[in-house]
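Here's a quick briefing to read with the sequence and the model open side by side. Let's take it topic by topic.

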Amino acid sequence: MTTSASAIEARGLVRRFGDKEAVAGIDITVDTGEIFGFLGPNGAGKSTTVRMLTTLLAPSDGTATVAGFDIDSEAAEVRLRIGVALQDAALDPKQTGRELLDMQGRLYGLPKEVRLRRVDELLQLVNIGGSIDDRIATYSGGMKRRLDLAAALVHQPEVLFLDEPTTGLDPTSRAAVWEEVRYLNKQLGITIFLTTQYLEEADELADRVGIIARGRIVAEGTPDELKRSIGADVIIAKVGSGDGARAAHALSALPDLDSVEVSGDQLIIATAHGASAISPVAVTLANNSIKVSELTLRTPTLDDVFLHTTGTRMDADESEAVTV
Amino acid sequence: MNTRTDRIVPRHAGFWSDLSSVALRALRLASRDLEAIIPGMAVPLFFLIVNIGSLQSFVEGNLPPGFDFKGFQLPVSVIFAVTGISRAGSLVVDIQDGYFDRLLLTPVSRTTLLIGLMIADLAVVMVMIVPVLILGFIIGVGFETGILGMLVFILIGASWGIAFTGFPYAIALRTGNPAAVNNAFLLFFPFAFLTTAYVPKEQLTGWLSVAANFNPTTYLLEGMRTLILQGWNSTAIFQAFLASGIVAAVSFTLAFSALRGRVRRK
């Protein structure tokens, strides 16, 4: 066991599949008791990172500790201290919910009376009522997700990995999961490593966010820090198709603009003083005969950070990063 | 919500506890999977009746008087009943559904993930032998060695059933493919037919006789038949268990090698 105040510490973590480098040397530090949001589009390397940190995959290179134990040489100790809810609920449809939770408790060496107590306690969390004694095959998607989460919590893990816990859930179920995640972290003190492709989710839940793209961490910090890093305000100008590059060139002459990015038919203009910059932007575009159909001033989002750091925009609905 | 009262200290449950957890789950699921087991029970009963009905007169007519073809055929049906019985199909489902990964995320002893299933298979295999035996009694088959001989007979059959499970488990763990697992039964065909399934060894000629000499099923059937037809023959019984042991050594090596590959975190 290494002495570390961090719940998770990864250095130069690499994972190759043949010639393909899914994770290309990432460094992560997650402090005990925090919610760390691991944000990126599909295929960015989030799930591969989780599978390494949870001992399902061996790293090709680099090192990491979880709960103070090395994921490679002390994998068994890591497993005792983590709970994991993978991207797809990993359940056995022919067991009942109660049987599944009880078996999970047995595998962590919990005595029978403790297992009985834990199942009762977790029933309050998973909120599936009398269905706990029904076969899991009869559960709805939301119930399966909640049971999967309960299974990850049976042994009171120090670190909980949630791999895209709300993907595919309706807004109501998603809000319920968010509430549970906050409760587990704030009330029970569990460190949470949360992967997501939803910007809003990372913004809402995470104390700190790491943005991963093409296997590398491209930005890390609190959501506010990350957003401030690209300027206090963002001006969005919707221009005609094909005018983007010309508009960006025209705006490059203006002072007080931190950056101008082109994403499809939109210009994303970062600036420290949005209110005073918006008029010169409108005038410059008009003087260059660039038709503007919408002009919006707002504060930056994590999507803007993603675009700024990777040159691509997150598009969770398409589950892809859109190259501009 | 309240999901934490007294602090829990998770620990390694230990090999035997893990083994019982995995085996109990497998047995529970087997009892809920009767649609997969009942056909496997019906087929050997069907063949016992058909084989006796179609071949008894012919075989007994060509052999010295007193040859009991019913007793001769009963072990064949038992072997058909127990071969290919395994939880390999549900193991594939576990792999595909991600539940196998959930188990790997726990501190469970990896070898118990396979041995536990085999223990459940042993129980199922022994249950599968019972209806074949009952049908045998109904049509007049008796044991020269009595009840103790019948128990040894069941043990030999069960030992073969378990020995063969290594093949479907190896396929399940290597491929994660349900169709490939279903086809594992095809491996049994050479064992089943290049042997003394229908006539005694002395009646086999040419290449079939040579093949039967190298077929472990020949010795398995011989050991079981002596318990029914002749009496205690320790050499035949030993050879029957040895035949199962040799097949088990091969199939288990393949299965545990496949398990190592599956859990290697490659």
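How many bridges join strand β9 (residues 208-213) of chain A to β10(A)? There are five, and the two strands run antiparallel. Keep in mind as you look around that this is a predicted model.

**The six-strand sheet in chain A**

- β9(A) and β10(A) belong to an open sheet of six strands, ordered β6-β7-β8-β3-β9-β10 in chain A, and the pairing in this sheet is mixed.
- The edges are held by β6 (82-85) and β10 (216-221) of chain A; each has a single partner strand, so one side of each has no neighbour in the sheet.
- On average, neighbouring strands of this sheet are turned by 15° against each other, if you ignore direction.

- Helix α11 (residues 302-310) of chain A lies across β3, β9 and β10 of chain A, and it runs at about 45° to β9(A).

- You'll find Leu194(A) in strand β8 (residues 191-196) of chain A.
- Is Leu194(A) buried or exposed? Leu194(A) counts as buried because it has 26 C-beta neighbours inside 10 Å.
- Setting aside neighbours within four places in sequence, the contacts of Leu194(A) are Ile35(A), Phe36(A), Gly37(A), Phe38(A), Leu162(A), Val181(A), Leu205(A) and Ala206(A).
- Leu194(A) and Ala24(A) are 170 residues apart in sequence, and their C-alpha atoms are 20 Å apart in space.

**β1(A) and its partners**

- Strand β1 (residues 6-17) of chain A runs antiparallel to strand β2 (residues 20-31) of chain A, with nine bridges joining the two.
- β1(A) and β2(A) make a hairpin with two residues between them, and Gly18(A) in the turn has a positive phi of about 65°.
- If you want a pair to check here, Glu9(A) has Thr29(A) in β2(A) as its bridge partner.
- β1(A) also pairs with strand β4 (residues 61-66) of chain A, again in the antiparallel sense, over five bridges.
- In that pairing, Ile8(A) has Val66(A) in β4(A) as its bridge partner.

**Domains of chain A**

- Chain A splits into domain 1 (6-226) and domain 2 (231-299).
- Taken over C-alpha atoms, the centres of domain 1 and domain 2 of chain A are 40 Å apart.

**Where chain A meets chain B**

- 32 residues of chain A are in contact with 29 residues of chain B.
- On the chain A side, α2 (75-81), α3 (97-107), α4 (112-126) and α5 (141-153) each supply at least two residues.
- Which element gives the largest share of the side of chain A that touches chain B? That's α4(A), with five residues.
- By type, the residues on this side of chain A come out as 20 nonpolar, six polar and six charged.

**Chain B in brief**

- Chain B has 12 helices and zero strands.
- The C-alpha trace of chain B spans about 80 × 35 × 35 Å along its principal axes.
- Of the 266 residues in chain B, 44% are buried.
- Among contacts in chain B with a separation of 6 or more, 80% are between residues 24 or more positions apart.

Definitions and conventions:
Residues are numbered from 1 along each chain as its sequence is written. Chains are lettered from A and ligands numbered from 1 in the order in which they are written. This is a predicted model: local features need pLDDT of at least 70, side-chain atom pairs count only at pLDDT 80 or more; totals for chains, interfaces and linings use all residues. Two residues are in contact if their C-beta atoms, placed from the backbone, lie within 7 Å. Helices (H or I, at least four residues) and strands (E, at least two) are DSSP runs, numbered from the N terminus. Ala, Val, Leu, Ile, Met, Phe, Trp, Tyr, Cys and Pro count as nonpolar, Asp, Glu, Lys and Arg as charged, and the others, Gly among them, as polar. Domain bounds come from an automatic or database domain assignment. A residue is buried if 20 or more other C-beta atoms lie within 10 Å of its own, exposed if 12 or fewer, and partly exposed in between; C-beta atoms are placed from the backbone. Two strands pair if DSSP finds at least two bridges between them. Axes are lines fitted to C-alpha atoms, for helices over the stretch in contact, and angles run from 0 to 180 degrees between N-to-C directions.
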